[in-house]
Amino acid sequence: MKPSAKYKAQKTVCDAGHLHDSKAEAKRCDDLMALQVIGDIEDLEQQPVFRVEIGGKLMCRYVADFAWKKAGVRVVEDVKGMVTPMFNLKKKLVEATHPGVVITLYPPRKRKVRKTK
């Protein structure tokens, strides 16, 4: 019997033949490949690795899902169905130790509107 994924994600192959950790990630890869073909983005990279070193000591590694350039600006993106505390910590560490790197989430999260009294 095959063990199930922690968050019920199923490994899926995208149209380009890359194996992804979830259906959402494979679909996003298809979308990004199409954007690259028509020239909206360039230098699409899969699974870019960011090393977080503090004081010359490796604290952790963060592997994003995608990185690309749009109008000369590098965009780093992670496809998330559920945001975990570990992701939040690594995101903050990467952004603090790699100037200019901003990690975006896909699909974008909408802030909940609080009810006023």
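Arg-51 is partly exposed, with a relative accessible area of 44%. In this predicted model, Arg-51 forms a salt bridge with Glu-53, and the closest N and O atoms of the two are 2.9 Å apart. Glu-53 also counts as partly exposed, at 39% relative accessibility.

| Salt bridge | Closest N to O distance |
|---|---|
| Lys-27 and Asp-31 | 3.3 Å |

**Salt bridges within helices**

Lys-27 and Asp-31 belong to helix H1, which covers residues 23-38. They are four residues apart, so about one helical turn separates them. Their side chains form a salt bridge with the closest N and O atoms at 3.3 Å. Asp-31 counts as partly exposed, with a relative accessibility of 27%.

Helix H2, residues 85-97, contains Lys-91 and Glu-95. These two are four residues apart, and therefore about one helical turn lies between them. Lys-91 is partly exposed, its relative accessible area being 21%. Glu-95 counts as partly exposed at 26% relative accessibility.

Is Asp-65 buried or exposed? Asp-65 is buried, and it has no salt bridge. The nearest side chain of opposite charge is that of Lys-80, 6.0 Å away. A salt bridge requires a side-chain nitrogen of Lys or Arg within 4 Å of a carboxyl oxygen of Asp or Glu.

Asp-65 sits in the loop between strand E5 (57-63) and strand E6 (66-70). A polar atom of the Asp-65 side chain lies 2.7 Å from the backbone nitrogen of Val-79. Leaving aside residues up to four places away in sequence, Asp-65 touches Glu-25, Glu-45, Gln-46, Gln-47, Pro-48, Glu-77, Asp-78 and Val-79.

Strand E4 covers residues 49-54 and pairs with E5. The pairing is antiparallel and runs over six bridges. Ile-54 has Lys-57 in E5 as its bridge partner. Two residues stand between the strands of this hairpin, and Gly-55 takes a positive phi near 65° there.

**The open sheet**

Which strands form the open sheet, and in what order? Four strands form it, in the order E3-E6-E7-E8, and their pairing is mixed. Strand E3 (42-46) and strand E8 (103-106) are at the edges. Each has a single partner strand, so one side of each has no neighbour in the sheet. Neighbouring strands of this sheet are turned against each other by 30° on average, with direction ignored.

Strand E7, residues 73-79, pairs with E8 in the parallel sense over four bridges. Within this pair, Val-76 stands opposite Ile-103 in E8. Helix H2 packs on the sheet and touches E7 and E8. The direction of H2 makes about 145° with that of E8.

Definitions and conventions. Residues numbered from 1 in each chain as written. Predicted model: local features only at pLDDT ≥ 70, side-chain atom pairs only at ≥ 80, totals over all residues. Heavy atoms only, no water. Buried < 20%, exposed > 50% of the residue type's maximum accessible area, 1.4 Å probe, protein only. Lys, Arg positive; Asp, Glu negative; His and termini not counted. Polar contact = N/O pair within 3.5 Å; in protein donor to acceptor, adjacent residues only side chain to side chain. Contact = heavy atoms within 4.5 Å. Pairing = 2+ DSSP bridges. Axes fitted to C-alpha atoms, helices over the stretch in contact; angles between N-to-C directions.
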